[in-house]
Amino acid sequence: MNLKRLSVFAIVALLTMISIPALAQDLLARQAPVDKRMRTVDTLALRTAMEREESRLAVNNLYDDWNNTYAHRATELPDSFRISLKNFCMPTVSRVVTSNFGARWGRRHKGLDIKVYIGDTIRAAFSGKVRMVKYEAAGYGKYVVIRHNNGLETIYGHMSAWLVEENEVVKAGQPIGLGGNTGRSTGSHLHFETRLCGVALNPALMFDFRNQDVVADYYMFRRDSYEQESVVANQLRGKIGNGGYVASDVKGETVPGANSVKQKESRDTEERNADIRYHKVAAGETLYSIAKRRKVTVDELCRLNHLTRDIKVRPGQLLRYS
């Protein structure tokens, strides 16, 4: 009897020893995809960190100083420079380009004019730091200059109000001002500039306002070809006809007779998208005085901003009122 039990024990032990390597191999096989995914995550995180550091070093090499006294000052352009367009935000929801970059009325127009209405929200195109918040009666009117880590500086002109301050760090998409008609302007619009080393580049090289998108993840600037590229960019993404948004078929050909209909559709879309507006609280203002000024109820202000009626607003605070 004992001999029989001993034989059974020996067989069980033998089977266990045989199965251990199989179990170990099975565990390794199950772990392999996990390890692979983790390596992929680590690689992406490392690549993102390296790109961020590369951008930071690049922008530091492009600009020698941080000066709040001039809107732009041209310095030597690099022969080539890769500008990251990732993590962007369109500065306005408007799709209507009313004036191209380049020659205009006997002088050089150094940005794109985009149709906006007074009070429309203007947003930072990329994350960065506000270098200037100024007023220029004979030029930009109320304008903001932001320096970004991708090497660009963006300028937003003719606004009716500022929503940021100099040296403030902003995120892409953060409201920085309200559309307007200040300065040397013949109608409410956003004058939008993109500059590298203080030199104006055509925003249409990077931004497609009609499609509310950037052209790619990166724009490769080349000093010997960007001016020729700018002409092509105007043809592809600049003003069409009288500035209206023209309907196109899938091949990009103009649809005859569709201009007036598409203009109306564009205006309707702008009006719907431009409903979100902000008020920057001034000293002495209250929810009641803001509600009266903006022609809304206090309850509506509280609902839009998740506030209670008895809260005290502070100067500089942004309140959504529509």
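Q: Strands count as paired once DSSP finds at least two bridges between them. How many bridges join S10 to strand S12?

A: In this predicted model, two bridges join S10 to S12 (residues 175-178). The cut-off is at least two bridges, so S10 and S12 qualify as a pair. The two strands run antiparallel. Within S12, Gly-177 is the bridge partner of Trp-162.

Q: What is the order of the open sheet of three strands?

A: The order is S6-S12-S10, and the pairing is antiparallel.

Q: Why does Arg-95 fall in its accessibility class?

A: Arg-95 has 26% relative accessibility. Buried requires under 20% and exposed over 50%, so Arg-95 counts as partly exposed. Arg-95 is located in the loop between strand S1 (80-84) and strand S2 (97-99). Its C-alpha atom is separated by 7.1 Å from that of Asn-211, although the two residues are 116 residues apart along the chain.

Q: How do you know which way H4 and H5 are set to each other, roughly?

A: Helix H4 (residues 287-294) and helix H5 (residues 298-305) pack at an angle of about 105°, and their axes are 9 Å apart. Angles of 65 to 115 degrees count as roughly perpendicular, so this description applies to H4 and H5. By class, their contact has seven nonpolar, no polar and no charged residues.

Q: Which residues in H4 and H5 meet?

A: From H4, Leu-287, Tyr-288, Ile-290 and Ala-291 meet Val-298, Leu-301 and Cys-302 of H5.

Q: Which residues touch the most other members of the largest nonpolar core?

A: That core has 44 residues, and those touching the most other members are Ile-83, Val-144, Tyr-156, Leu-196, Met-206, Phe-207 and Phe-221. Another core, of eleven residues, lies apart from it and includes Val-281, Leu-287, Val-298 and Val-313.

Note on methods. Residues are numbered from 1 along each chain as its sequence is written. This is a predicted model: local features need pLDDT of at least 70, side-chain atom pairs count only at pLDDT 80 or more; totals for chains, interfaces and linings use all residues. Side-chain values use heavy atoms; hydrogens and water are left out. Axes are lines fitted to C-alpha atoms, for helices over the stretch in contact, and angles run from 0 to 180 degrees between N-to-C directions. Helices (H or I, at least four residues) and strands (E, at least two) are DSSP runs, numbered from the N terminus. Angles under 35 degrees count as roughly parallel, over 145 as roughly antiparallel, 65 to 115 as roughly perpendicular and the rest as oblique. Contact means heavy atoms within 4.5 Å. Ala, Val, Leu, Ile, Met, Phe, Trp, Tyr, Cys and Pro count as nonpolar, Asp, Glu, Lys and Arg as charged, and the others, Gly among them, as polar. A nonpolar core is a set of buried Ala, Val, Leu, Ile, Met, Phe, Trp, Tyr and Cys residues joined through side-chain atoms within 4.5 Å. Buried means under 20% relative accessible area, exposed over 50%, partly exposed in between (1.4 Å probe, protein chains only).
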